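This report is meant for a reader who has not seen this structure before. Please look at the sequence and the model first.

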Amino acid sequence: MATEPLAFPPAIGDPWGDTFLADLPVVAFDTETGGFDPFAVPLLTVGCASPDGLALEITVRHEHYQPDEKVLSINRITGARAAGGCPWLLIEPLLEEQFDGRVVVGHNIGFDFGFLVANSPAMSLPPAIDTAAICRFLWPGEKADLASLCRRARVENADAHGAGADALAAMRGWVFLRNILRDRGVTTWNKLCEAQAPIPDSMRRGAWPSEVAAMVAKARKRGATNLGGSASA
């Protein structure tokens, strides 16, 4: 069975090494999108959350966004909401500021990073922790979606599929997971990056870091700039 890491460092090293997981500077990140292909559908909202429970959600401006009915039923982002959003060129530096000097926590974070690559191909991806991969590592064969993590961690997420709410749920899930990881001997950043989770055959994909790297190469090859996107997991 294929495996994927629970976390992955930036392209050129990282400063944390043997830092204990509870001492890592972290920020959670999530997106809502118009579908699954970051090069074909828009990035609709982005959300960040801090360990102290503060959450931020921003809608990306798309003047001509026409939501697919199935997608609309999930994230509830209408064309009118997208038209009243903030231009991506103003959102991008805010995200870079949030990511600077921190490890980004997210549930299936590779999906969200894929949309960053499509919309901001020059942005350096930060080091990241995938709470979904951690769930597959701790409980192989069991459900690893965000709702299941919330149930395990006894975290409420009444506004599921909202980027800000899901980022906050991922952050609270991370606090829960790192305590279990510690009891399993995964105590530091280095050990977290070394650990591997099984990828079920039903997922039909490779490890997220490799997939995101491929997206980076694809974006650069196309000379992609801001695609004015929108999307989410």
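The text below covers a helix pair, the cysteines and one proline.

This is a predicted model, in which local features need pLDDT of at least 70 and side-chain atom pairs count only at pLDDT 80 or more, while totals for chains, interfaces and linings use all residues. Residues are numbered from 1 along each chain as its sequence is written, and side-chain values use heavy atoms, with hydrogens and water left out.

**Helices α6 and α7**

Helix α6 spans residues 146-153 and helix α7 residues 163-183. Helices (H or I, at least four residues) and strands (E, at least two) are DSSP runs, numbered from the N terminus. The axes of α6 and α7 come within 9 Å and cross at roughly 50°; axes are lines fitted to C-alpha atoms, for helices over the stretch in contact, and angles run from 0 to 180 degrees between N-to-C directions. The two helices are therefore oblique to each other, a term for angles that are not under 35 degrees (roughly parallel), over 145 (roughly antiparallel) or 65 to 115 (roughly perpendicular).

On the α6 side, the contact (heavy atoms within 4.5 Å) is made by Leu146, Leu149, Cys150, Arg152 and Ala153. On the α7 side, Asp166, Ala169, Ala170, Gly173, Phe176 and Leu177 take part.

Within α6, Leu146, Ser148, Leu149, Cys150 and Ala153 are buried. Buried means under 20% relative accessible area, exposed over 50%, and partly exposed in between (1.4 Å probe, protein chains only). The cover over these buried residues of α6 includes α5 (131-138) and α7. Just after α6, Arg154 has a positive phi of about 55°.

**Cysteines and Pro198**

The structure has zero disulfides, a disulfide being a pair of cysteine sulfur atoms within 2.5 Å. For Cys48, the nearest cysteine sulfur is that of Cys86, 13 Å away. For Cys86, the nearest is likewise that of Cys48, 13 Å away.

| Residue | Relative accessible area | Class |
|---|---|---|
| Cys48 | 6% | buried |
| Cys86 | 24% | partly exposed |
| Pro198 | 22% | partly exposed |

Pro198 lies in strand β8 (residues 196-198). Leaving out residues up to four places away in sequence, Pro198 touches Met1, Ala2, Thr3, Arg136, Phe137 and Pro140. Pro198 and Pro5 are 193 residues apart in sequence, and their C-alpha atoms are 9.0 Å apart in space.
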